[in-house]
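Subject: Structure for you to look at

Hello,

Here is the structure I said I would pass on. My notes follow below it.

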Amino acid sequence: MAIVSVDLNKNEIVRPVANFPPSLWGDVFNSFTMDSQLSDMYTEEIKVLKEEARNMLISRDSKLSEKLVLIDTLERLGLSYHFGNEIQEQLTLAFNGHLELEPEENNDLFVNSLQFRLLRQHALDAPSSVFERFVKNNGEFKKSLVSDDGVKGLLSLYEASFLRRTREDILDKAFSFSKAHLESVASNLPESPLKKHVSRALYQSYVRSIPRVETHLFISLYEEFESKNESLLRLAKLDFNLLQMQHKLELSEVTRWWKEVDLISKLSFARDRAVECYFWSVGVYSEPQYGIARIMLAKTICMISVIDDTFDAYGTIDELTVFNDAVQKWDISEIDRLPEYMKILYRVLLDLYESFDAELSPKGRSYAVHHAKEGMQQIVGSYYTEAKWFIKGHLPTFDEYMSVAKITSTYYVLTTTSLVGLDNATSQVFDWLLSKPKIVEANVTICRVVDDVATYEVEKGRGQEATGIDCYMKEHDLSKELTINLFYEMAENAWKELNEGLMDNSVTMEILMRIYNFSRLIDVTYNHSGDGYTHPEKLLKPSIVALLVDSFEV
């Protein structure tokens with residue numbers, strides 16, 4: 001909420017300057033023409049290479065450990081969406097014991113860690129007891145696992161540890177053990193793909209990263225592998241480039257819409273982040289079948305961002321009262337009550353949801369738009385509650401704060417909106433969402449507490465007192481430093497619950513992974529306590545260039 005004052009001599013409202021950095025992109029993405037000839041050429045070659053890869057995957061001549069490495073490679077190369085059924089079938093055979101590791105591999109840390117991670121990532125409930133063979137009687141991991149040729153195993157253990165759940169002490173120890181030893185050897189490793197892999201894993205967890213970002217990085221890394229499969233490498237490059245063409249086409253639609261509605265020229269106080277909003281939607285689902293959903297989600301994030309800035313950095317409490325009331329009534333006739341600068345915002349908001357309904361009502365899915373609209377009304381109402389706290393100087397209890405701030409984290413409404421464009425998201429799926437299952441609550445908690453830490457100093461600079469950190473500090477009489485550490489601990493505990501949520505069989509993995517990917521976005525966007533959305537030049541720009549500008553030479 002902005003500190004707004006009135007100049008009594010001129011009877012004018014004096015508004016603060018938010019001073020957000022401008023867009024980094026200009027008109028770079030405003031137009032894109034699909035090269036149909038190149039697209040067709042890629043598509044034809046991909047068909048042939050896909051069959052080669054599929055035959056490798058279902059081959060009965062390869063050992064389980066080889067299949068696991070292949071599955072991991074396909075996933076890291078961004079190709080697994082082509083082979084979803086085959087991969088699930090192979091992993092289910094392994095989980096049920098129909099495919100087994102060779103006797104000499106039972107004590108192989110690399111293979112066992114890899115199998116554990118892949119099974120859990122695919123909602124197969126692999127027991128953490130598999131790691132008991134690698135610990136001593138005192139429960140500590142064996143020092144013999146640390147050796148020059150054991151780095152690969154330690155890295156595999158480290159990546160597997162990010163699938164830990166509540167009360168899995170052995171995986172907590174696996175994380176600490178593997179992280180400490182990888183950090184101690186990383187700088188001394190000879191220049192190699194393995195060294196680059198270790199460095200990347202320590203900077204950004206693979207399990208918690210944006211899949212499409214990791215795909216781009218791994219394709220370049222895989223090219224350096226002595227053991228690389230040239231056919232898979234070419235398939236990955238072709239597939240990446242072809243899908244990137246689709247993403248560029250979608251982004252051009254989003255940026256043209258953003259330019260047409262012209263909110264930023266009229267609401268110059270707001271962040272101009274249409275490209276970053278689309279990047280977020282790619283983080284939620286990058287696969288080709290989700291094009292409509294990506295565009296809907298990106299446009300919604302754009303709108304929420306401007307509304308957030310209106311409440312946080314510009315509007316007076318009287319203006320916000322009227323705006324909130326108008327949104328709750330959701331009726332274009334309310335527009336005349338609004339101040340001039342809010343009229344365009346209100347009209348664009350209502351028009352956006354009307355366009356969603358026009359898209360989905362012929363499919364009998366207007367119910368999805370209804371849920372998304374309710375989510376928008378809820379978040380605006382909660383922004384208004386926070387604005388009133390600010391004006392009154394009210395410092396809520398931490399529980400009171402969280403009941404509102406989890407809504408203003410945006411993750412309830414964005415999770416709902418992410419499913420609007422999914423044909424498989426039935427009315428029952430939205431009912432499940434509204435019941436606030438464990439994975440949804442964990443996702444929202446991660447977003448809230450990580451965002452609170454990353455934006456704390458900026459919020460304080462605006463005069464905000466009712467931050468989550470301030471509420472917790474006062475209630476528990478703690479220092480800022482200790483409170484921030486506790487917030488990180490809350491986030492870690494929520495990640496464990498998020499992992500537990502992957503086992504929820506009330507809905508499909510297609511639905512669950514959308515939610516999981518939202519948390520991955522937070523981990524990347526706010527990496528090392530930075531705010532990559534407000535200041536994208538450091539954290540997000542390199543990834544946006546990699547995913548939406550640069551293509552691979554083939």
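A polar contact here is a pair of N or O atoms within 3.5 Å, where one must be able to donate a hydrogen and the other to accept it. Please keep in mind that this is a predicted model.

Thr415 sits in helix α17, residues 411-418. With a relative accessible area of 2%, under the 20% cut-off, Thr415 is therefore buried. Apart from neighbours within four places in sequence, Thr415 is in contact with Leu433, Asn443, Ile515 and Phe518.

Next, a helix pair. The axes of α11 (residues 274-284) and α25 (residues 541-548) come within 11 Å and cross at roughly 70°, so the two helices are roughly perpendicular to each other. Their crossing is left-handed. On the α11 side the residues involved are Val275, Glu276, Tyr278, Phe279 and Val282, and these meet Ser543, Ile544, Leu547 and Leu548 of α25. By class, that contact has seven nonpolar residues, one polar and one charged.

Trp25 belongs with this pair. Trp25 is placed in the loop between β2 (12-14) and α1 (36-58), and counts as buried at 7% relative accessibility. Not counting residues up to four places away in sequence, Trp25 touches Val275, Glu276, Lys541, Ile544 and Val545. The side chains of Trp25 and Glu276 are joined by a polar contact of 2.8 Å.

Regards

Notes: Residues are numbered from 1 along each chain as its sequence is written. This is a predicted model: local features need pLDDT of at least 70, side-chain atom pairs count only at pLDDT 80 or more; totals for chains, interfaces and linings use all residues. Side-chain values use heavy atoms; hydrogens and water are left out. Axes are lines fitted to C-alpha atoms, for helices over the stretch in contact, and angles run from 0 to 180 degrees between N-to-C directions. Helices (H or I, at least four residues) and strands (E, at least two) are DSSP runs, numbered from the N terminus. Angles under 35 degrees count as roughly parallel, over 145 as roughly antiparallel, 65 to 115 as roughly perpendicular and the rest as oblique. A crossing is left-handed if the near helix is turned anticlockwise from the far one by less than a right angle, and right-handed if clockwise. Contact means heavy atoms within 4.5 Å. Ala, Val, Leu, Ile, Met, Phe, Trp, Tyr, Cys and Pro count as nonpolar, Asp, Glu, Lys and Arg as charged, and the others, Gly among them, as polar. Buried means under 20% relative accessible area, exposed over 50%, partly exposed in between (1.4 Å probe, protein chains only).
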